[in-house]
Amino acid sequence: MSSTATIPPSYETGTVLFIHALTSLHPGSGTALGTVDLPVQRERHTQWPVIAASSLKGVLRDAVRRSRASADDLFAAFGPETAEAEKHAGAVTLTDGRILAFPVRALRGIFAWVTCPAVLERFQRDLSLIPSTKLSRGLSLPKQWPNKDAMLCPKDSPILIDGNQAVLEEFAFTRSGDADDVAKWIADHAISDDLTRQRIQKHLVVLHDDDFTHFVRHATEITARIGLDYERKTVRTGALFYQEFLPSDTLFYSVVLANPSRRIIEEQEGTTRKTRKHEKSAEQLLAFVKEHLPRTLQIGGDETIGKGICAIRLL
């Protein structure tokens, strides 16, 4: 992937939605035949965690609907109800929620957010989908990427031991350079609260692609879930299963693109049926979505046990 890739825009405007998991997150992929009964969604080719665009769009649509926003604008932005889906498409497009940084426990400094060249180069490429944006040009990637078992991080990072070593999970890494520009960009744009913004600037680590992939595959949370027989206070037969969660502080992004409204409104005046165009520009519809989104959303399964609470930031 090239960090200088430019993709001709086919949308009038767009922005980025950042998703910061405040509690463990389960964007489920259904049942599986392996050791984990309920795994999280993963990309087929990378095996990195992902949040399906269809799930994200549904969550955003429901959040805007709950804010008692204009039904005309809601349908124009996200499309009509299912029963009338053939009338027109929504004007707002979302990509899958892609991983940007993944939290990994550290011997010092509690934990670090890890990312890698493939993630950052893809992120910069995805930013180029947004028409007339300065975001991709503002993101400055390191000129030298780390080798295997090496890392880029701030020289005064709290995770460092003796100034140049860090232990993430059970693996040791040697610092080979800085990642200050990337850490500052992510802190300034992706994070909503000041404390996390300050922390990520010191705790962001860029690893080799293979090291990053190992962590996102094997450093998730696996939780045993049971159903009780209330009379005997034992596990019901067949009610023990294992569920995978992404740890809190996982950071995703989704590119949000918009075109003008496609909605045609039908009105009845006496015996005459008239139609009129719902006149809203792409910028107006994107502003409408941003205005009616709350600061936190619940994404994925297990809402009633506090899973999937995410801080969101729509630039």
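Trainee: Where does Thr 115 lie in this model?
Mentor: In this predicted model, Thr 115 belongs to strand E5, residues 111-115.

Trainee: Why is Thr 115 called buried?
Mentor: Buried means under 20% relative accessible area. Thr 115 has 0% relative accessibility, so Thr 115 counts as buried.

Trainee: Which residues does Thr 115 touch, leaving out those up to four places away in sequence?
Mentor: Contact means heavy atoms within 4.5 Å. On that basis Thr 115 touches Leu 204, Val 205, Val 206 and Leu 207, and also Leu 100, Leu 120 and Phe 212.

Trainee: What makes E5 and E9 a pair?
Mentor: Two strands pair if there are at least two bridges between them. E5 and E9 are joined by three bridges, so by that definition they pair. The two strands run parallel, and Leu 204 in E9 stands opposite Trp 113.

Trainee: How do you know that E6 pairs with E9?
Mentor: Two bridges join strand E6, residues 150-152, to E9, and at least two are needed, so E6 and E9 pair. These strands run antiparallel. Leu 152 has Val 206 of E9 as its bridge partner.

Trainee: Which way do the residues of E9 point?
Mentor: From strand E9, residues 204-207, Leu 204 and Val 206 point one way, while Val 205 and Leu 207 point the other way. All are buried.

Trainee: Why is helix H3 called mostly covered?
Mentor: Ten of the eleven residues in H3, residues 117-127, are buried, and so the helix is mostly covered. Among them are Leu 120, Glu 121, Arg 122 and Asp 126. Leu 120 is also one of the residues that Thr 115 touches.

Definitions and conventions
Residues numbered from 1 in each chain as written. Predicted model: local features only at pLDDT ≥ 70, side-chain atom pairs only at ≥ 80, totals over all residues. Heavy atoms only, no water. Helix = DSSP H or I, 4+ residues; strand = E, 2+ residues; numbered from the N terminus. Buried < 20%, exposed > 50% of the residue type's maximum accessible area, 1.4 Å probe, protein only.
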